[in-house]
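Here is a short briefing on the structure shown below. Please keep the sequence and the 3D view open while you read.

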Amino acid sequence: MKLLSPYRIYILCCIFISGQGFSDSLKVHGFVSQGIVQAVDSNFVDDDEDVSFKLTEVGLNASYRINNNLRVAGQGVYLNGGNRYPEGLRIDYLFLDWQLLNSPNWKVKAQIGRNKNYHWLYSSTRDVPHTRPSIVLPQSLYFDAFRDVALGVDGLVLIATTDNDFGEWDVNFSIGKSKISKQEQQNLLGKSVIGELNHEIDKQFSLYWRPKLSNMQWGISILDADFKYDQALGDTFFDGDETSQRVMFNMLYQGEKWEFASEIMKERVIVNNLLFPGYKSDATGEGGYLQSRFFATPDVTLMARLDLYDRDRKDRQGSQIELLSGGMVPGYFGYMDQATVGASWLFSKNIQIQAEYHRVKGTSRLAPFFTPDLIANDSKYWSMWAVQLMYWF
Amino acid sequence: MLQMKYFIIFCVFWICIFAGIRSEAAQSQFQKVKVIVNTSVPASTVSEQQIRRIFSMRQTVWANNQSITVFVLDKKHQVHQAFSTNTLGMFPYQLERVWNKLVYSGLGEEPIKVNSEQEMLDRISRNPGSIGYINSNTEYENVKVLKVIKE
């Protein structure tokens with residue numbers, strides 16, 4: 001009898017009703033990659049600053065079409081990025097995709113479940129090596145210590161796409177929250193954290209426009225996220241809350257030989273209590289990058305990027321940080337500017353090797369964010385290199 | 001200090017863009033292609049904007065609500081390159097980028113890849129609502145040619 005449980009009957013019915021074989025409705029893809037990385041004079045990858053193999057990204061995804069309006073999609077990943085984010089297996093996304101309107105010129109859908117962040121240029125596939133311009137993304141916006149929160153939400157996403165005489169339009173809205181792991185709490189607050197940091201609510205909106213039949217794309221996105229911290233017994237932190245608000249603009253030009261991309265943002269971070277009762281901080285940071293890629297041959301791509309970030313637009317050199325800490329925290333914790341060059345070579349079908357070098361001035365985007373690690377990050381200038389081999393199907 | 005930096009970078013950026021656009025002018029000649037559909041497809045013409053929309057997987061139904069199945073050749077196939085560049089006005093890497101985003105973020109599905117023009121013809125003739133392309137010189141039967149209207 002178990003073989004004919006209502007659930008199984010339902011699935012079988014769906015397959016027959018859709019009038020297609022299972023193989024047409026089910027799509028499976030994945031990727032495997034391993035790299036070698038070293039960050040010198042910073043704790044970005046590892047505390048010991050040695051050459052490391054902590055650059056592994058593996059994923060497997062499936063999309064199953066139940067009928068014309070319903071689809072289920074999910075991806076599991078194993079990631080290891082050293083100090084950059086928590087190591088291990090996780091469900092990257094898993095949601096029900098429900099087409100609310102599907103006409104030749106309009107598509108409106110809702111995705112319910114664990115969703116990716118579809119709002120920034122590279123956010124939806126930031127762990128999929130062959131879809132990224134570089135192994136490590138620009139830290140001004142794709143801040144690794146804040147990564148899990150920016151990765152997506154457990155909640156609802158609404159997406160509308162349409163075309164008109166002006167071009168192609170995409171509108172995305174998401175609401176929900178994400179789970180903050182212990183390591184990520186440490187990345188944000190510091191190793192001594194024993195309380196609980198919770199993501200209360202996250203709302204994001206974005207609009208993309210590609211002028212009619214052009215190679216340009218313009219985008220804007222806004223983010224509003226609230227966090228709450230509950231103090232534990234013997235904690236060095238206090239009950240408090242944090243709000244992050246971002247406004248971002250992006251542009252993309254895709255030519256035959258050249259591609260140019262840029263994203264800029266303003267990020268307001270408001271902190272109440274948390275560090276000590278009565279503590280208040282309200283600072284607006286600014287950052288962004290300009291990136292060019294040159295397609296030397298169909299298989300070889302060269303990349304150059306400049307990424308800038310200032311934690312407080314009123315204190316770009318970090319002199320207030322130095323002053324308020326009585327000289328304990330150097331001013332270079334107030335900014336982080338980064339120049340990157342890289343190359344990738346697609347040497348066989350779906351197999352690519354990618355390499356890059358970063359030269360960095362400042363440590364503002366290094367973990368922990370709220371209580372700087374002055375011992376590991378005692379250099380104003382630091383550098384990083386990485387090589388990664390990747391395969392996908 | 002930083003604002004000055006932003007300004008300089010912005011200028012360099014736009015100079016590069018215009019240099020890039022100029023280099024686009026020298027495009028190599030590609031062969032001609034035909035867009036083909038299953039005989040069940042009601043349309044006989046399609047606009048350039050709409051064909052882009054279909055192959056970017058943004059449009060997934062025909063006007064009569066019939067589902068669209070998209071077939072494509074390998075990105076290195078000459079016919080695919082000609083179709084992408086001349087018919088869609090998109091470089092093959094742009095299409096691949098769009099499909100990668102769909103597949104690896106869960107947003108949607110990519111087109112079905114076929115190995116040869118013969119397989120393309122074969123599958124389009126058998127699948128209602130399907131669309132693909134072949135070289136203009138390739139002989140065909142049991143499929144319909146869709147005229148692309150340039151805007």
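A:Asp163 stands opposite A:Glu168 of strand E7(A). This is a predicted model.

- Strand E6 (residues 152-164) and strand E7 (residues 167-177) of chain A run antiparallel and are joined by eleven bridges.
- Two residues lie between E6(A) and E7(A) in the hairpin that they form.
- E7(A) also pairs with E8(A): ten bridges join them, again in antiparallel fashion.
- In that pairing, A:Gly176 stands opposite A:Asp202 of E8(A).
- Strands of a sheet pair through backbone hydrogen bonds, either parallel or antiparallel.

**A:Glu200 in strand E8**

- A:Glu200 sits in strand E8 of chain A, which covers residues 196-211.
- Is A:Glu200 buried or exposed? A:Glu200 counts as exposed because it has 12 C-beta neighbours inside 10 Å, and 12 or fewer is the cut-off for that class.
- Leaving out residues up to four places away in sequence, A:Glu200 touches A:Lys177, A:Asp226, A:Phe227 and A:Lys228.
- A:Ala225 is 25 residues from A:Glu200 along the chain, yet their C-alpha atoms are separated by 7.5 Å.

**Fold of chain B**

- Chain B has 151 residues, and 37% of them count as buried.
- Its elements are five helices and six strands. From the N terminus they run α-β-β-α-β-α-α-β-α-β-β.
- Six strands of chain B form an open sheet in the order E2-E6-E1-E5-E3-E4, with mixed pairing.
- Strand E2 (45-47) and strand E4 (112-113) of chain B are the edges, and each pairs on one side only.
- Strand E1 (residues 33-37) and strand E5 (residues 130-135) of chain B run antiparallel, with five bridges between them. There, B:Val33 stands opposite B:Asn135 of E5(B).
- H2(B) lies across E1, E2, E3, E5 and E6 of chain B, at about 85° to E2(B).
- H3(B) lies across E1, E3, E5 and E6 of chain B, at about 95° to E1(B).
- Of the contacts in chain B between residues at least 6 apart in sequence, 67% join residues at least 24 apart.

**Helix H4 of chain B**

- Helix H4 of chain B holds 14 residues, 92-105. At 1.5 Å a residue it should span 20 Å, and its end C-alpha atoms are 20 Å apart, so the two values agree.
- Among its buried residues are B:Leu95, B:Trp99, B:Leu102 and B:Val103.
- Just after H4(B), B:Gly106 takes a positive phi of about 85°.

**Where the chains meet**

- In chain A, 37 residues are in contact with 33 residues of chain B.
- On the chain A side, the residues that touch chain B divide into 13 nonpolar, 15 polar and nine charged.

**Nonpolar cores**

- The largest nonpolar core has 46 residues, and A:Phe146 and A:Ala386 touch the most other members.
- E9(A) gives the most to this core, four residues.
- In soluble globular proteins, nonpolar side chains tend to be buried together.

Note on methods: Residues are numbered from 1 along each chain as its sequence is written. Chains are lettered from A and ligands numbered from 1 in the order in which they are written. This is a predicted model: local features need pLDDT of at least 70, side-chain atom pairs count only at pLDDT 80 or more; totals for chains, interfaces and linings use all residues. A residue is buried if 20 or more other C-beta atoms lie within 10 Å of its own, exposed if 12 or fewer, and partly exposed in between; C-beta atoms are placed from the backbone. Two residues are in contact if their C-beta atoms, placed from the backbone, lie within 7 Å. Ala, Val, Leu, Ile, Met, Phe, Trp, Tyr, Cys and Pro count as nonpolar, Asp, Glu, Lys and Arg as charged, and the others, Gly among them, as polar. A nonpolar core is a set of buried Ala, Val, Leu, Ile, Met, Phe, Trp, Tyr and Cys residues joined through C-beta atoms within 7 Å. The expected span of a helix is 1.5 Å times one less than its number of residues. Two strands pair if DSSP finds at least two bridges between them. Axes are lines fitted to C-alpha atoms, for helices over the stretch in contact, and angles run from 0 to 180 degrees between N-to-C directions.
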